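The following note sets out a few points for a colleague who is reviewing the model.

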Amino acid sequence: MRIVPLFLPLVFTPLLAFADATLPTVDKPGTKDSAAIGRYEGSLIVEYQASAFDATRLPASILERADPERRTSSNNAVFQAQKTIDAEGRLARVVYLQPIGRSPLEVQRNYQDVVKAKGGEMIYECDGDDCGGDATSGAGHGGGDMGLIDILFPAERIDADAFSNAACAVNQVHADQHYSVSRYGSDAAQTTVAVLTYAVRDDLYCKAFNARTMAMVVVVEAKSREQKMVTVSSSELGAAIAGSGRIALYGILFDIDQAQLKPASSAQLEQIGRLLKNDDALKLMIVGHTDNQGSVAHNLELSKRRADAVVAALTAQYGIAADRLIAQGMGSVAPVASNDSEDGRAKNRRVELVKQ
């Protein structure tokens, strides 16, 4: 039990509610390995997040400083890779505590061997400072530079108490960083694997993990997205616009960071075209919105190009007069949900119809 002097200011007492990291003997409840890659023998899961279908962008070159004016929500300078790997499908982020005496390099090489045995290819790998950005701070740091850990498993994704095993595994200072991103399988069944290994450095609340190797494994298994979005009919569009002057649509789809309409968008575009044909006097603004991933300027330009693509499709494919439509990009400035979660970012990526 920690003894606290009676004269200690009250401002420090909330820390007593947090439990220090402890060496686990079993996996964190409710977690499991990704069947696509497995785990290093003797390791234990201390943090885990998964979704049936999601997208991620993985660094495939050295991290470089972006716009000098850009900062993250933690006041870190933004660093990005010029080359990236975009992947979407079944996504899992798993953080493992490795057995005593196993180095980050040894664990990294074992994961690489698994990919090679599956006939995969190594796309990019780096070590320590050669990876660019901050190679030693945990995801919980602020006021410095972004590092790989901030991209692979940002601190806001960790829904855990301070100094818990999950928080200590990701948020603490670390050393001896090694990173790789690789792929295996055919295009239709491709698996993308990113692995970041490092050794935790802490002699206070997270001292149970001091000098222990962690493996942060991000796995994306390509799969078809379940078609869950309901196409909004032309009559429903008309009712919403008559009532509130606008409606947000999620059935107009684009690939990550792209402005080319996906074929699955045709059903919703057809209903918009039908609405405009049934009401010759109606004029609309087509407004594109993004989440906050990427720079403000980039998102503003991307959202405008997406709105332009919708206008182009409505005029070319559905015969709508161009002077009835205005394309507008809003970027990330008008979110309808928090950008701190995948669900929130998905809600913010939308196209809105607004009555002129």
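Strands here are DSSP runs of E of at least two residues, numbered from the N terminus. The model under review is predicted.

1. Backbone at Asp 176. By that definition, Asp 176 lies in strand β6, which covers residues 174-184. Phi of Asp 176 is near 55°, a positive value in a residue other than glycine. The residue is partly exposed, with a relative accessible area of 41%.

2. Backbone at Asn 75. A positive phi, about 65°, is also found at Asn 75, which is not a glycine. Asn 75 belongs to the loop between β2 (63-65) and β3 (79-81). With a relative accessibility of 43%, Asn 75 counts as partly exposed.

3. Largest nonpolar core. This core has 42 residues, of which Tyr 179 and Met 216 touch the most other members. Strand β4 (residues 84-97) supplies the largest share of the core, 5 residues. Not counting residues up to four places away in sequence, Met 216 touches Val 94, Val 95, Ile 149, Leu 152, Phe 153, Val 170, Ala 194, Val 195, Leu 196 and Tyr 198. A second, separate core comprises 26 residues, including Val 232, Leu 237, Leu 282 and Ala 309. As general background, nonpolar side chains tend to be buried together in soluble globular proteins.

4. Packing of α4 on α5. Two packed helices are described by the angle between their axes and the distance between the axes. The axes of helix α4 (residues 234-244) and α5 come within 8 Å and cross at roughly 65°. This crossing of α4 and α5 is right-handed. On the α4 side the contact is made by Ser 234, Leu 237, Gly 238 and Ile 241, and on the α5 side by Gln 268, Gln 271, Ile 272, Arg 274, Leu 275 and Asn 278. By class, the contact of α4 with α5 has 4 nonpolar, 5 polar and 1 charged residues.

5. Packing of α5 on α6. Helix α5 (residues 266-278) and helix α6 (residues 296-318) have axes that come within 10 Å and cross at roughly 70°. Angles of 65 to 115 degrees count as roughly perpendicular, and α5 is therefore roughly perpendicular to α6. The crossing of α5 and α6 is right-handed. From α5, the contact involves Ser 266, Leu 269, Glu 270, Ile 272, Gly 273, Leu 276 and Lys 277; from α6, it involves Val 310, Ala 313, Leu 314 and Tyr 318. By class, the contact of α5 with α6 has 7 nonpolar, 2 polar and 2 charged residues.

6. Leaving aside its neighbours within four places in sequence, Gln 268 is in contact with Thr 231, Val 232, Leu 237, Leu 249, Gly 251 and Ile 252.

7. Val 287 is found in strand β10, residues 284-289. Val 287 is buried, with a relative accessible area of 6%. Apart from neighbours within four places in sequence, Val 287 is in contact with Gln 328, Met 330, Arg 350, Val 351, Glu 352 and Val 354. The C-alpha atoms of Val 287 and Arg 306 are separated by 8.6 Å, and these residues are 19 residues apart along the chain.

Notes. Residues numbered from 1 in each chain as written. Predicted model: local features only at pLDDT ≥ 70, side-chain atom pairs only at ≥ 80, totals over all residues. Heavy atoms only, no water. Axes fitted to C-alpha atoms, helices over the stretch in contact; angles between N-to-C directions. Helix = DSSP H or I, 4+ residues; strand = E, 2+ residues; numbered from the N terminus. Parallel < 35°, antiparallel > 145°, perpendicular 65-115°, else oblique. Left-handed = near helix turned anticlockwise from the far one by under 90°. Contact = heavy atoms within 4.5 Å. Nonpolar A, V, L, I, M, F, W, Y, C, P; charged D, E, K, R; others polar. Core = buried A, V, L, I, M, F, W, Y, C linked by side-chain atoms within 4.5 Å. Buried < 20%, exposed > 50% of the residue type's maximum accessible area, 1.4 Å probe, protein only.
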